[in-house]
Amino acid sequence: MTEVVRIETPLTHEKVAQLKSGDNVLLSGVIYTGRDAAHKKMVEALARGEELPFNVKDQIIFFVGPTPPKPGQVIGSAGPTTSYRMDAYSPTLIARGLTGMIGKGLRSAEVVDAMKRYGAVYFGAIGGLGALLAKRIVAAEVIAYPELGPEAVRRLEVKDFPIMVIIDQEGNNLYEIGKAKYRTI
């Protein structure tokens, strides 16, 4: 059984280097949200020479479009979205210093190559647990692209947010490791 690793943001390269595929992580600190529409806007802004809505260096983006909060809640259900939808944009952000991404599902070879080249990690969160994950979010604020509604960029503060390292900075991929292990049984 893998030991639980506690990580506080920012996610520096020193912290990334310690993470291995399969590690269970409890994450605390500031993270940002963004899905494909927000990623597209951010990459287009960079292409025009504009600044991003937040400095991505040593940061984590959670691929989520949360539901509206009910009275008394910080945020509504916040389950991860399918990560491959961000694959066209992630290498650009990783090259700018993004060190972590949280989502679900496979990533392209281009994303994994960028992770290995620049030192980034891909975390998985369980998709069916959006309501429970939301309870680990202690603050939420829209900081960019409010016109995108649930897909707006948010600054979240999380406490003991449960995730797992799916792909580490060396390219070790839990999905591939798991399949290979199963084949030997």
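Me: Which exposed residues does the face of α4 turned away from its buried side carry?

Reply: The model is a predicted one, in which local features need pLDDT of at least 70, side-chain atom pairs count only at pLDDT 80 or more, and totals for chains, interfaces and linings use all residues. Residues are numbered from 1 along each chain as its sequence is written, and side-chain values use heavy atoms, with hydrogens and water left out. Helices (H or I, at least four residues) and strands (E, at least two) are DSSP runs numbered from the N terminus; buried means under 20% relative accessible area, exposed over 50%, and partly exposed in between, with a 1.4 Å probe and protein chains only. On the face of α4 turned away from its buried side, the exposed residues are E110 and R117.

Me: How wide an arc do the buried residues of helix α4 cover around the axis?

Reply: Helix α4 spans residues 109–118, and its buried residues are V111, V112, A114 and M115. They are placed on the same side of α4, because the arc (taken from the directions from the helix axis to the C-beta atoms) is only 160 degrees.

Me: What covers the buried residues of α4?

Reply: Contact here means heavy atoms within 4.5 Å. The cover includes α3 (90–95), β4 (100–103), β5 (121–124) and β7.

Me: Which residue just after α4 takes a positive phi?

Reply: The phi value in question is about 85 degrees. The residue that takes this value just after α4 is G119.

Me: How many aromatic pairs does a search of the whole structure find?

Reply: Rings of Phe, Tyr and Trp (its six-membered ring) pair if their centres lie within 6.5 Å; planes under 30 degrees apart count as stacked, over 60 as edge-to-face and the rest as tilted. By this rule, the number of aromatic pairs in the whole structure is two.

Me: How many residues apart in sequence are the parts that the pair of Y32 and F54 ties together?

Reply: Y32 and F54 are stacked, at 3.9 Å centre to centre with 10 degrees between the planes. Y32 belongs to strand β2 (residues 24–33), whereas F54 is in the loop between α2 (36–47) and β3 (60–62), so the parts tied together are apart in sequence by 22 residues.

Me: Are Y32 and F54 buried or exposed?

Reply: The relative accessibility of Y32 is 11%. For F54 the relative accessible area is 6%. Both Y32 and F54 therefore count as buried.

Me: What kind of aromatic pair do F62 and F161 form?

Reply: F62 lies in strand β3 and F161 in strand β7 (residues 153–167), so their pair links parts 99 residues apart in sequence. F62 is buried at 0% relative accessible area, and F161 is buried at 0% as well. The centres are 5.3 Å apart and the planes make 70 degrees, which makes the pair edge-to-face.

Me: How many salt bridges does the count come to?

Reply: Side chains of opposite charge can pair when their charged atoms come close. A salt bridge is a side-chain nitrogen of Lys or Arg within 4 Å of a carboxyl oxygen of Asp or Glu. Under this rule the count of salt bridges is 10.

Me: How far apart are the closest N and O atoms of E44 and K40?

Reply: E44 and K40 are four residues apart in helix α2, separated by about one helical turn. E44 is partly exposed at 34% relative accessible area, and K40 is partly exposed at 39%. In their salt bridge the distance between the closest N and O atoms is 2.9 Å.
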